[in-house]
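Keep the sequence and the 3D view open as you go.

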Amino acid sequence: MANQSVRSVCPYCGVGCGIVMQVEQNKVVKVTGDKDHPTNFGRLCTKGTTCGQAIAESGRMEHAYVRQARDHDPVRIAMDKAISETAGRLRHILDTHGPDALAFYVSGQMSLESQYLINKLAKGFVRTSNIESNSRLCMASAGSGYKLSLGATARRGLMKILTAPTCSS
Ligand code: SF4
């Protein structure tokens with residue numbers, strides 16, 4: 001990929017600030033606020049400004065691993081095999097112990113499409129009601145802090161009060 005600017009949306013919180021990524025040799029080297037985006041008009045909080053670091057050399061796992069038993073070391077395997085293995089193990093738990101033996105802990109930073117799919121999987125297919133996301137856990141402490149420091153906990157209202165993007169979730 002040639003060096004280029006790519007417009008996108010900050011992946012972190014629901015405010016949805018517009019970003020512009022400078023991409024060099026297929027790597028994001030800099031992120032700035034999108035001056036033309038109606039949500040933030042070029043402004044970004046610290047998380048948005050540094051979101052490129054999570055993509056470029058973040059140290060995240062880049063391959064699939066599986067443990068043949070709980071006390072075994074993880075062994076690298078091909079992604080399609082890891083997916084089949086995971087599906088087989090989930091199917092076994094479901095068939096053996098029923099839907100409430102499975103629980104999903106997901107992320108408020110997932111796209112709307114991903115949220116739809118995981119909820120469809122959990123509630124519509126597996127039929128468990130055990131689904132939660134980091135949004136509640138994260139915002140419980142933030143909400144307490146907002147109430148104590150600013151006197152209100154409504155996140156959207158606070159975002160308007162604070163005006164500049166400063167969200168911490
Ligand atoms: S407020 Fe910060 S974390 Fe949220 S979308 Fe905007 S830049 Fe990203």
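## Surface and overall make-up

The protein chain has an accessible surface of about 11,800 Å², and carbon and sulfur atoms account for 56% of it. Accessible areas here come from the Shrake-Rupley method with a 1.4 Å probe, and for residues only the protein chains shown count as cover. Of the 169 residues in the protein chain, 26% are buried. Buried means under 20% relative accessible area, exposed means over 50%, and partly exposed is in between (1.4 Å probe, protein chains only).

A word on how to read these values: this is a predicted model, in which local features need pLDDT of at least 70 and side-chain atom pairs count only at pLDDT 80 or more, while totals for chains, interfaces and linings use all residues. Residues are numbered from 1 along each chain as its sequence is written, and side-chain values use heavy atoms, with hydrogens and water left out.

## Helices, strands and contacts

The protein chain holds five helices and seven strands. Their order along the sequence is β-β-β-α-β-β-α-β-α-β-α-α. Helices (H or I, at least four residues) and strands (E, at least two) are DSSP runs, numbered from the N terminus.

Contact means heavy atoms within 4.5 Å.

## Asn 40, a buried loop residue

Have a look at Asn 40, in the loop between strand S3 (27–33) and helix H1 (46–49). Is Asn 40 buried or exposed? With a relative accessible area of 0%, Asn 40 is buried.

The side chain of Asn 40 has a polar atom 2.8 Å from the backbone nitrogen of Gly 18. A polar atom of the Asn 40 side chain also lies 2.6 Å from the backbone oxygen of Arg 43.

## Three salt bridges

Searching the whole structure turns up three salt bridges. A salt bridge is a side-chain nitrogen of Lys or Arg within 4 Å of a carboxyl oxygen of Asp or Glu. One of them pairs Arg 7 with Asp 34, with 2.7 Å between the closest N and O atoms. Arg 7 sits in strand S1 (residues 4–9) and Asp 34 in the loop between S3 and H1, so this pair ties together parts that are 27 residues apart in sequence. Arg 7 is exposed at 55% relative accessibility, whereas Asp 34 is buried at 4%.

Another salt bridge joins Glu 85 and Arg 89, whose closest N and O atoms are 2.8 Å apart. These two are four residues apart in helix H2 (residues 79–97), so about one helical turn separates them. Glu 85 is partly exposed at 29%, and Arg 89 is partly exposed at 34%. Asp 95 and Arg 91 also meet through their side chains in a salt bridge, at 2.9 Å from N to O. Asp 95 and Arg 91 are likewise four residues apart in helix H2, with about one helical turn between them. Asp 95 is exposed at 52% relative accessibility, while Arg 91 is partly exposed at 41%.

Asp 100 belongs to the loop between H2 and strand S6 (104–106), and at 56% relative accessibility Asp 100 is exposed. Which residues does Asp 100 contact, leaving aside its neighbours within four places in sequence? They are Thr 128, Ser 129 and Asn 130. The C-alpha atoms of Asp 100 and Asn 130 are 6.8 Å apart, although the two residues are 30 apart along the chain.

Ser 133 is part of strand S7 (residues 131–133) and is buried, at 14% relative accessibility. Apart from neighbours within four places in sequence, Ser 133 contacts Tyr 105, Val 106, Ser 107 and Gly 108.

Terms used
Polar contact = N/O pair within 3.5 Å; in protein donor to acceptor, adjacent residues only side chain to side chain.
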